[in-house]
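Me: I am new to this structure and would like to understand the words used for it as well as the values. Could you take me through it, setting each value against its definition?

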Amino acid sequence: MIQVKNLVKKFGEFTAVDHISFEVGRGEIFAFLGPNGAGKTTTIKMLTTLLRPTSGTLEIDGLDPGAHPNEVRKRFGIVFQDPSLDGDMTAWENMEIHGVFYHVPRKVRVERTEQLLRLFELWERRNDQVKLFSGGMKRRLEIARGLLHTPKILFLDEPTLGLDPQTRNQLWTHVKYLNQTEGVTVFLTTHYMDEAERVAQRIAIIDHGKIVAEGSPEELKRQTGKESLEDAFLVLTGSTVREESATNADQMRQMAKMWGNRR
Amino acid sequence: MSVIYVLWLRELKRYIRSRAQIVASLGQPLLYLVALGFGLGPVFQKAGQGNYVQFVAPGIIAMTVLFSSIFSGMGLLWDRQFGFLKETLVAPVPRVEVMLGKVLGAATVAMIQGLLVAIVCFIAGFRVVDVKAVPAALLFMGLIACLFSALGTAIGSAIENIQGFQLVMNFLVMPIFFLSGALFPLSNLPGVLSVVTRLDPLAYGVDGLRTTLIGISHFGLAADLSVLVVITTILLFTGSYLFSKIQA
């Protein structure tokens with residue numbers, strides 16, 4: 001379903017993704033793990049047509065995202081790591097816009113929106129502007145929105161960041177359900193190793209833009225001789241904390257705060 | 001529902017929901033109208049040019065439409081900052097449609113703002129010379145709105161951060177406004193200035209409004225209309241090209 005060969009992305013001198021290759025099979029749940037700044041999000045952006053690779057080849061369902069962006073976009077859904085909701089719109093309207101974007105028929109859209117908003121306990125607040133929501137509620141809405149249409153591939157970029165255990169449980173149960181009933185291929189990243197272990201059939205670990213290990217959770221544990229995936233992860237990626245420079249978007253957010261922007 | 005329609009509706013809803021902003025954005029044109037309109041009125045009258053409020057009102061309406069449309073178009077920058085842009089960029093819809101929804105929404109908001117200011121001008125004593133010409137004046141307002149919404153969207157696609165906003169304001173929007181003849185007649189200007197004003201697209205918009213609303217023309221309606229239509233078309237194409245090239 002996803003094929004990546006010798007993928008490279010450079011930002012000026014800095015190489016964010018350095019000759020990585022991997023494959024994700026149809027109907028597989030694949031976890032892409034790595035420390036902050038390892039190149040996970042950059043890889044997802046290239047897979048989802050948001051960034052063009054410096055070199056290497058990509059295929060999503062047999063299609064090159066660079067050559068057929070719209071065909072590729074029809075095939076995936078994504079829950080971003082950063083916020084991507086419209087704060088001025090209500091929860092319902094955010095779902096509605098998404099449904100129109102993905103050509104979900106009106107009747108299905110209304111039904112599924114209600115079902116998902118209830119599942120993630122946002123139904124009571126559906127007519128409130130999203131900027132009034134708490135961090136956790138926004139996160140839940142992002143996830144509900146990402147699940148509104150049924151894509152062939154679902155990208156989840158640290159979807160559970162800042163969520164309570166209840167919601168995390170809801171999310172993974174639902175994702176597994178989609179995987180089993182609809183055969184949705186799932187590509188996820190997370191910092192919670194227990195989640196990866198619980199959900200993913202296969203795991204790739206990326207560090208400094210390179211894939212350092214790949215296999216099932218059991219294989220990775222066996223390979224490193226550790227009891228838990230977390231320990232295996234630390235053996236593979238070292239225990240130093242990574243420096244991450246503030247991104248452009250972060251800087252802009254700070255500027256906006258400084259200027260007392262209304263959102 | 002089509003993509004263009006939901007995005008158009010989104011712009012409209014955002015506008016209606018920010019009531020404080022509506023009031024605030026009427027303050028500036030009101031200040032120009034009162035301070036300049038009544039302040040410079042006597043001088044203008046003595047120079048034999050007639051009633052200044054009457055002269056300046058079309059200019060103030062054009063200014064409102066200019067500011068509103070260019071800023072709404074540049075609202076793309078806020079979408080980028082707050083992340084909603086990513087949602088639109090990965091959606092399986094032609095980016096041209098996303099861009100058109102944005103431009104039409106921004107233009108509609110600018111039209112509403114322009115109409116509100118027109119009402120304020122009417123209260124301040126501005127009178128239309130020929131009521132039959134009002135639809136034509138609305139057409140010119142619409143053209144100004146579309147032109148600068150497209151420009152704002154193009155700029156919003158090309159620059160990545162808010163710092164660039166101030167630059168655009170000082171070196172593009174303010175010159176476009178001041179050199180458009182919104183505040184003074186374009187006839188008998190010194191050489192350089194008369195050339196520069198000819199290059200300002202808003203000059204043709206202001207002239208179109210002035211011709212239709214108070215019957216004073218500088219370039220002639222045919223010239224006004226064709227320049228505005230041509231530049232709007234060019235900017236729409238440039239805007240969609242730049243928008244299609246955005247990477248996040």
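Reply: A place to begin is α1(A), which is followed by A:Thr49, a residue whose phi is positive, near 70°. This is a predicted model, in which local features need pLDDT of at least 70 and side-chain atom pairs count only at pLDDT 80 or more, while totals for chains, interfaces and linings use all residues. Residues are numbered from 1 along each chain as its sequence is written, and chains are lettered from A and ligands numbered from 1 in the order in which they are written. Helices (H or I, at least four residues) and strands (E, at least two) are DSSP runs, numbered from the N terminus.

Me: How do you know whether A:Ile153 is buried or exposed?

Reply: A:Ile153 has 22 C-beta neighbours inside 10 Å, and therefore counts as buried. This residue is found in strand β6 of chain A. Leaving aside neighbours within four places in sequence, A:Ile153 is in contact with residues including A:Met1, A:Ile60, A:Thr185 and A:Phe187, where contact means that two C-beta atoms, placed from the backbone, lie within 7 Å.

Me: Why is strand β7 of chain A called largely enclosed?

Reply: All 5 of the 5 residues of β7(A), residues 185-189, are buried, so the strand is largely enclosed by the rest of the structure. A:Thr185, A:Phe187 and A:Thr189 point one way from β7(A), whereas A:Val186 and A:Leu188 point the other way.

Me: How do you know which strands pair with β7(A), and in what sense?

Reply: Two strands pair if DSSP finds at least two bridges between them. Strand β3 of chain A, residues 29-33, is joined to β7(A) by 3 bridges in the parallel sense, and β6(A), residues 153-157, runs parallel to β7(A) with 5 bridges. A:Phe187 of β7(A) is the bridge partner of A:Phe30, and A:Phe155 also stands opposite A:Phe187.

Me: What makes the unit of β6(A), helix α6 and β7(A) right-handed?

Reply: A crossover is right-handed if, with the strands pointing away from the viewer, the path from the first strand over the helix to the second runs clockwise. β6(A), helix α6 of chain A (residues 165-182) and β7(A) make a β-α-β unit of that right-handed kind.

Me: What makes chain A as compact as a globular protein of its length?

Reply: Chain A has 10 helices and 9 strands. Its radius of gyration is 19 Å, close to the 18 Å that the globule rule gives for 263 residues, so chain A is as compact as a globular protein of that length. That radius is taken over C-alpha atoms, and the rule is 2.2 Å times the number of residues to the power 0.38.

Me: How does chain B stand against that rule?

Reply: With 248 residues, a compact globule would have a radius of gyration near 18 Å, and chain B has 18 Å, which agrees. The secondary structure of chain B comes to 12 helices and 0 strands, and 50% of its residues count as buried.

Me: How many residues does each chain bring to the contact between chains A and B?

Reply: The contact takes 30 residues from chain A and 24 residues from chain B. On the chain A side, α10(A) gives the most, with 6 residues.

Conventions: A residue is buried if 20 or more other C-beta atoms lie within 10 Å of its own, exposed if 12 or fewer, and partly exposed in between; C-beta atoms are placed from the backbone.
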